[in-house]
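Me: Please pick one part of this predicted model and go through it closely. I would like to know how it is put together, what packs on it and which side chains tie it to the rest.

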Amino acid sequence: GDTMGYSNKKACRVIRRCGRCGKKTAFTSTRRFRVNASGNRLDVWLIYRCERCRHTLKVPIYERVSPRKIPPELYEKFLANDEELAARYGADAPWLKSRNFFVET
């Protein structure tokens with residue numbers, strides 16, 4: 001099994017309508033982050049992918065924040081696609097729900 005120190009919590013699937021295949025479907029975490037800088041603001045997303053057509057979905061972690069608002073060690077983990085951190089976010093159903101994503105339980 002995969003016991004590389006990942007949280008034992010299972011990754012949550014997000015259920016929503018896919019923008020590409022047009023059906024309500026399950027999205028799973030890619031365990032990858034996308035960091036986008038726009039001027040002096042940053043966006044950080046956890047990337048999910050449609051299980052049917054592989055269309056991507058961005059789950060916001062930070063949106064339009066000053067880089068100073070993100071602790072440097074956390075920012076480094078986002079940039080490095082830290083799998084353990086991505087797994088923690090992806091298994092956090094309350095966090096996903098707080099961002100208005102429907103989570104399969």
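Reply:

Five strands make up an open sheet in the order β4-β3-β2-β1-β5, with antiparallel pairing. The edge positions belong to β4 and β5, which have a single partner strand each, so one side of each lacks a neighbour in the sheet. Neighbouring strands are turned against each other by 45° on average, direction ignored.

Some ground rules apply. The model is predicted, so local features need pLDDT of at least 70 and side-chain atom pairs count only at pLDDT 80 or more, while totals for chains, interfaces and linings use all residues. Residues are numbered from 1 along each chain as its sequence is written, and side-chain values use heavy atoms, with hydrogens and water left out. Helices (H or I, at least four residues) and strands (E, at least two) are DSSP runs numbered from the N terminus. Two strands pair if DSSP finds at least two bridges between them.

**Inside the sheet**

β2 and β3 are paired in the antiparallel sense over ten bridges. Ser29, for example, has Tyr48 in β3 as its bridge partner.

Thr25 belongs to β2, which spans residues 24–38. Thr25 counts as buried because its relative accessibility is 8%; buried means under 20% relative accessible area, exposed over 50% and partly exposed in between, with a 1.4 Å probe and protein chains only. Apart from neighbours within four places in sequence, the contacts of Thr25 are Val14, Ile15, Arg16, Cys18, Cys50 and Arg52, where contact means heavy atoms within 4.5 Å.

Asp43 is in strand β3. With a relative accessible area of 3%, Asp43 is also buried. Not counting residues up to four places away in sequence, Asp43 touches Arg34, Val35, Asn36, Tyr62, Glu63 and Arg64. The Asp43 side chain reaches the backbone nitrogen of Arg64 at 2.7 Å. This is a polar contact, meaning a pair of N or O atoms within 3.5 Å; within protein, one must be able to donate a hydrogen and the other to accept it, and residues adjacent in sequence count only if both atoms are side-chain atoms.

**Salt bridges**

Asp43 also forms a salt bridge with Arg64, with the closest N and O atoms 2.8 Å apart. Arg64 is in strand β4 (residues 56–65) and Asp43 in strand β3 (residues 41–50), so this pair ties together parts that are 21 residues apart in sequence. A salt bridge here is a side-chain nitrogen of Lys or Arg within 4 Å of a carboxyl oxygen of Asp or Glu. By this rule there are four salt bridges.

Another of them joins the side chains of Glu104 and Arg13, at 2.6 Å from N to O. Glu104 sits in strand β5 (residues 102–104) and Arg13 in strand β1 (residues 13–17), distant parts of the chain 91 residues apart. Glu104 is partly exposed at 34% relative accessible area, and Arg13 is partly exposed at 26%.

A salt bridge between Glu83 and Arg31 has its closest N and O atoms 3.6 Å apart. This pair links Glu83 in helix α2 (residues 83–90) to Arg31 in strand β2, 52 residues apart. Glu83 has a relative accessible area of 40% and is partly exposed; Arg31, at 26%, is partly exposed too.

**Helices on the sheet**

α1 lies across β2, β3 and β4 and runs at about 120° to β2. α2 lies across β2, β3 and β4, at about 130° to β2. Axes are lines fitted to C-alpha atoms, for helices over the stretch in contact, and angles run from 0 to 180 degrees between N-to-C directions.

At the start of α2, a side-chain oxygen of Asp82 comes to within 3.2 Å of the backbone nitrogen of Glu84. Leu85, Ala86, Ala87, Tyr89 and Gly90 are the buried residues of α2. These buried residues pack against β2, β3, β4, α1 (72–79) and α3 (93–98).

**Aromatic side chains**

The structure contains five aromatic pairs. Phe33 and Tyr89 form an edge-to-face pair, 6.2 Å centre to centre with 85° between the planes. Phe33 in strand β2 and Tyr89 in helix α2 are 56 residues apart, and both are buried. Rings of Phe, Tyr and Trp (its six-membered ring) pair if their centres lie within 6.5 Å; planes under 30 degrees apart count as stacked, over 60 as edge-to-face and the rest as tilted. Phe33 and Tyr89 belong to one aromatic cluster with Tyr62, Phe78 and Trp95.
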